[in-house]
Amino acid sequence: MRDLLFAQGVEFPCGGHGRCRGCRVHVLEGHVPINDAQRERLSAEELAQGWRLACQCTLEDDLVIELRQWDAAILVDDTPFVFQPRTGLGVAVDLGTTTLVTQLLDLTTGRVLAVRTALNSQARFGADVMSRVQFGVPKDGEKQLRDLIRQQIGSLIEQLIFAAQIPEGKITDVVVVGNTVMHHLFCGLDVEPLSRYPFESENLGLQSFRGQDLGWKLTGDAHVRFLPCLGGFVGSDILAGILATNLGERNDLNGLVDLGTNGEIVIGNRQRLLCASTAAGPAFEGARISMGMRAATGAISEVIVEDHTVNCRVLGNVPPQGLCGSGLVDAVAAGLELGTIQSSGRFADSLGAWTLAAPVVLTQSDIRELQLAKGAIAAGIRMLLDRFGASAGDLKKLYLAGAFGNYINRASAQRIGLISFPLEKVEAAGNTALLGAKLALFRPEEEDGSYASLRQRTEHVALNADQSFQETFVEEMVFP
Amino acid sequence: MTRFEELQQAIIDGKAPVAKELTDKMLKEGIRPGEFFPKAIIPAMDEVGRRMRECEFFIPEVLIAARAARASSDILRPLLVGADAMASAGTVVCGTVKGDLHDIGKNIVAMMLESAGFKIIDLGVDVTAEKIVDAVRTNQAGLVALSALLTTTMVNMKSVVEALSAAGLRDKVKIMVGGAPVTDAWAHSIGADGYGKDAPAAVELARQLAAA
């Protein structure tokens, strides 16, 4: 069932190993046997009602099922930007761990001619970068992941060409950005160094290809560039984020936090930049939240406190089905405000679960998952500021980027201590990876796309290797 | 509230200075050092474990409680000699396996085992199989506790089991494993003796394995 449903866009957060509940389906007609993995993840009641984990089911007969997941909106970018016109057409690709966004641009007018998005087809082999690395360490796994992603981007480009009704040979440039794991898997580089301490690969540089080398239907000499990585797991998506926010060209100190499947942090100015990554995404994307889901129809996306009661906003104006990242942050902020949740994260009166809007509840362990995620990010920001010799007050602006960073309520983020800056300093920045990739399309001559000078000024900080990180992380787990 | 109950409460509440002060005071009052563990420290940490299991306590509370327990036991350990010598529950060599830097889970398990009366040889993070074999031999440890938080590094637990076998030590030690991606099935498949799903389970498992 996994293979069938994946082709239809259903996600498998744990990679189809029966370790989470993300792919559960409701069997309406037909028989599907139950195995141990399902008994462990689903209650007897759920099993009796016909709920199953799709990743654990083998199909023998026709079935009628109802999906627990809905189409998720993928964050694109339509920010106006300054550019130097050139001739030809270009494609910008944001290759995310979970989602793919491609835009076709007229390089003379800067106009976006077409947009295509998709879920990263590698995701059926694991939701996070580490499970992707694990799958890619054996040579045949690496090749399988490489071929999958190259084919998928190639087909998205064909769709762009078709949608914009342009001749095939017109595309002159393609710029791809992504984290280090996506970079390595796309370029066919060995991911083994990323599987273990110190998590550093030697192949971080710019990778160039000809369209036809990748099997793409790009005639002529279309030039495909995967922009260079910054260090550790911090890749060219963050390099693009620095370009988009102009972080590396300003005199004052600014920060960028990109919250997607991974959490990445950059702070810096024109002299020096520091960057780091944390594995904080699963909580925000709902993978380990009991009723978690991505921001899609049926998700509670906002929780507001009015007259000591909570009001929930549900995407698509349908009955609530689950909780997405922004709703989770809002719910915990509301709980702290109402005194339902203590600053330790514990429910005040040993509630097992707090009903936000029936049937959607927030459980004690959901709060714990959020504490881990927000603790890691808050600790990362604090440590980078420390390293820089700066304090929170020295930061002029903090940009929140990425699917989750863009939609999070800033006041709630502040309430739970994810960010501890005055609200006027915090700005939602959208998909800065895609915007940066677009900017790079217009500057092909810029150091030949290697961004050597920017990379020289950027230092990657391995948070986990720093003794004080663990302590800071634990301190940041509690709510202010 | 008895003195022992007061000390238990101070540990559960994570009040290290209070735990230290109480321990000093109780010793002055003539309480034997050997009585503290069975009557205050072990039951207090068992209660912390229970609360952790019920999601009432989380990592920060468990860590500060363990710190308070340590404030008390640091005073007591040098005094546990002669007639007050306490039978050690066993010696445990613990560490996070090679390639992995995750420290917190391993530290919590180590502190809870220590409070349960085990002697702990903590080798830290990114620990090679050879280092574990050496530590087992040098300290004549009866237990090895391994942690891994990454699917890419948990395979190194298997190397430790193999290295202990190759060194002829496999029948002298029990091996327990834990960490987010680790499962009972995984523990069996690599030939370990047990899997602890959380810190309290690890303490329980260590007690069983040490008694076996």
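Modeller: A residue is buried if 20 or more other C-beta atoms lie within 10 Å of its own, exposed if 12 or fewer, and partly exposed in between, with C-beta atoms placed from the backbone. Helices (H or I, at least four residues) and strands (E, at least two) are DSSP runs numbered from the N terminus. This is a predicted model, in which local features need pLDDT of at least 70, side-chain atom pairs count only at pLDDT 80 or more, and totals for chains, interfaces and linings use all residues. Residues are numbered from 1 along each chain as its sequence is written, while chains are lettered from A and ligands numbered from 1 in the order in which they are written.

Biologist: How many of the eight residues of helix α6 (residues 180–187) of chain A are buried?

Modeller: The buried residues of α6(A) run through A:Thr180, A:Val181, A:Met182, A:His183, A:His184, A:Leu185 and A:Phe186. Their cover includes β4 (89–95), α4, α5 (139–164), β7 (171–177), β9 (223–226) and α7 (236–245) of chain A. The helix is therefore largely enclosed by the rest of the structure, and the buried count out of eight is seven.

Biologist: Which residue follows α6(A)?

Modeller: The residue after α6(A) has a positive phi, near 75 degrees. It is A:Gly188.

Biologist: Which residue in the turn between β13(A) and β14(A) has a positive phi?

Modeller: Strand β13 (residues 299–306) of chain A and strand β14 (residues 309–314) of chain A run antiparallel and are joined by six bridges; strands pair if DSSP finds at least two bridges between them. A:Val305 has A:Val310 as its bridge partner in β14(A). The two strands form a hairpin with two residues between them, and the turn residue with a phi of about 45 degrees is A:Asp307.

Biologist: In β15(A), which residue stands opposite A:Ile300?

Modeller: β13(A) also pairs with strand β15 (residues 322–323) of chain A, in the parallel sense and over two bridges. The residue of β15(A) opposite A:Ile300 is A:Leu323.

Biologist: How many residues does the contact take from chain B?

Modeller: Two residues are in contact if their C-beta atoms, placed from the backbone, lie within 7 Å. On the chain A side, α4 (129–136), α10 (364–388) and α15 (467–477) each supply at least two residues. Chain A gives 20 residues to the contact, and chain B gives 17.

Biologist: What radius of gyration does chain B have?

Modeller: The radius is taken over C-alpha atoms, and the globule rule is 2.2 Å times the number of residues to the power 0.38. The C-alpha trace of chain B spans about 50 × 40 × 25 Å along its principal axes, and buried residues make up 50% of the chain. With 212 residues, a compact globule would come near 17 Å, so chain B agrees with the rule at 17 Å.

Biologist: How many helices and strands does chain B have?

Modeller: Along the sequence, the pattern of chain B is α-α-α-α-β-α-β-α-β-α-β-α-β-α. The totals are nine helices and five strands.

Biologist: What pLDDT does chain B average?

Modeller: pLDDT is the predictor's confidence in each residue, from 0 to 100. The model as a whole scores ipTM 0.87 and pTM 0.87. In chain B, 100% of the residues score at least 70, and the average is 94.
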